[in-house]
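I opened the notebook on this one with a few things to look up. My notes follow in the order I took them.

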Amino acid sequence: MSTALYVLTPQGARTALRLAPFVEGRIHAVESLRDCDVLHGLAHSVSTPPVQWFSNLAELVRGTFSVYPRHIFLTAAGIAVRAIAPLLQSKLTDPAVLVADHNGAFVVSLLSGHAGGANAFTLRVAEILGATPVITTATDLESLPAVDALALERGLAIANPGAIKRISGELVAGRPVELYDEQNRLGLRGSRWEGLFLHRSGLPPDSDTDEQENSGASLSEAASAAVHGGVPCILVTHKTVYNPRGHRCLVLHPPVLFAGVGCKRGTTAESILETLHRVLHAHGLASASLVCLASVDAKRQEPGLNAAAAKLGLPVRFFPPAVLKTLPVTSPSPKAAAVFGIQGVCEPAALAVAGENARLLAPKTTGDGCTVAIAGRF
């Protein structure tokens, strides 16, 4: 079930029963309602799972908060706030939390309105109940884009969440925000919000892009210019950005990097990860833009490689030598030629998994028992 519903009264139970089948809901009811006629039929219900009973709401929520992506409290708002307050972590990771009065007349988006989807869920629940939705986020009230929600919907990692508030504040105040997003990954160009942004190409002013591309330096100069300039900006980049005063420049990392890995039998996950992070750092590439690892088919059962992918939370794909031999290699490997009949593993694997329009961004680097290369797809 994806939605937890919390009820303390018979009226709340009745409203929860109306909602549960439409929101994949599991009803959690206080013990004192065990004899409530409204809930008696649940034992034989096909569309609604049996009730989970509780005696202490705060204790229950400590166990359910991270399990369910959505929560609806059919209680007073204060009760919900006190239950969730000790559990809050981040606007990017906290689940959606709604509050509705037990009769279902009003539905309030309480937590994670954008990233958690609470605002959109509030509108859906209100429609189901015929209730009045209550959404208080300023960008929604002014029909402005929620940049954090757009970023997450489109797979962009948010490097500095603290900047979201500043960007939203500028938009609400009607002030301009520079947007460096040449590939339109946020989808703002051509949208109804296009005119709210100053669309720029390249990188923020005063950054030496040629030098950075060639040397692998970070975009610290670009970030510094954006931070100290007069107009806040949104920067979409696969490069690492050091931004000590990041409230003026929201940095978003698109999912465009793919790492190819070659390794000896028994190479540890730690060795692979150390080499990978060294390559990313040397070329100024953001680890948050990594999408996938890749290697040759023969390494499919290699524990260290699979463990490294698991620690990164990324999938790993494997390709047969027949595919890898068709792709270019900058530094041929006699070992790969002898064992697999191909000129290399990490570079062609990176290009293979990146697919069409792939470009090698970081050539083969040798580590302890492994090699790593990184390709980008643009």
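**Entry 1: T75.** I started with T75, in the loop that joins β4 (70-74) to α3 (77-84). The model I am reading is a predicted one. Is T75 buried or exposed? I find T75 at 9% relative accessibility, so T75 counts as buried. The cut-off I used for buried is under 20% relative accessible area. Next I asked which residues T75 is in contact with, leaving aside its neighbours within four places in sequence. I noted Y6, L8, A80, V99 and A100.

**Entry 2: helix α7.** I then went to α7, which spans residues 162-172. I listed its buried residues: A163, I164, I167, S168, E170 and L171. Where do these residues fall when α7 is seen down its axis? I get an arc of 160° that holds them, so the buried residues line one face of the helix. I also checked what comes after α7 and found G174 there, with a positive phi near 80°.

**Entry 3: cysteines.** I wanted the disulfide count. A disulfide is a covalent bond between the sulfur atoms of two cysteines. My cut-off was a pair of cysteine sulfur atoms within 2.5 Å. The count comes to 0 disulfides.

I looked up two cysteines to see why. For C249, the closest cysteine sulfur belongs to C233, at 3.2 Å, and that is too far for a bond. C249 has a relative accessible area of 0%, so I marked C249 as buried. For C370, the closest cysteine sulfur is in C263, 7.2 Å away, again too far for a bond. C370 is buried too, at 3% relative accessibility.

**Entry 4: the largest pocket.** I turned to empty space last. Rolling a probe the size of a water molecule over the atoms shows where such space is left. The largest pocket has a volume of about 520 Å³. I count 23 residues in the lining of this pocket. Which of them lie nearest its centre? I wrote down G262, C263, K264, K335 and F340.

I then sorted the lining by element. Those giving two or more residues are β13 (257-263), α13 (334-340), β16 (358-366) and β17 (370-377). Which element gives the most? I find that α13 does, with 4 residues.

I get 9 nonpolar, 8 polar and 6 charged residues.

Notes:
Residues numbered from 1 in each chain as written. Predicted model: local features only at pLDDT ≥ 70, side-chain atom pairs only at ≥ 80, totals over all residues. Heavy atoms only, no water. Buried < 20%, exposed > 50% of the residue type's maximum accessible area, 1.4 Å probe, protein only. Arc of directions from axis to C-beta. 1 Å grid on protein atoms, 1.4 Å probe; cavity = no way out; pocket = protein on both sides within 12 Å on 5 of 7 lines; lining within 4 Å. Points joined across faces, edges and corners; volume = space filled by probe spheres on them. Nonpolar A, V, L, I, M, F, W, Y, C, P; charged D, E, K, R; others polar. Contact = heavy atoms within 4.5 Å.
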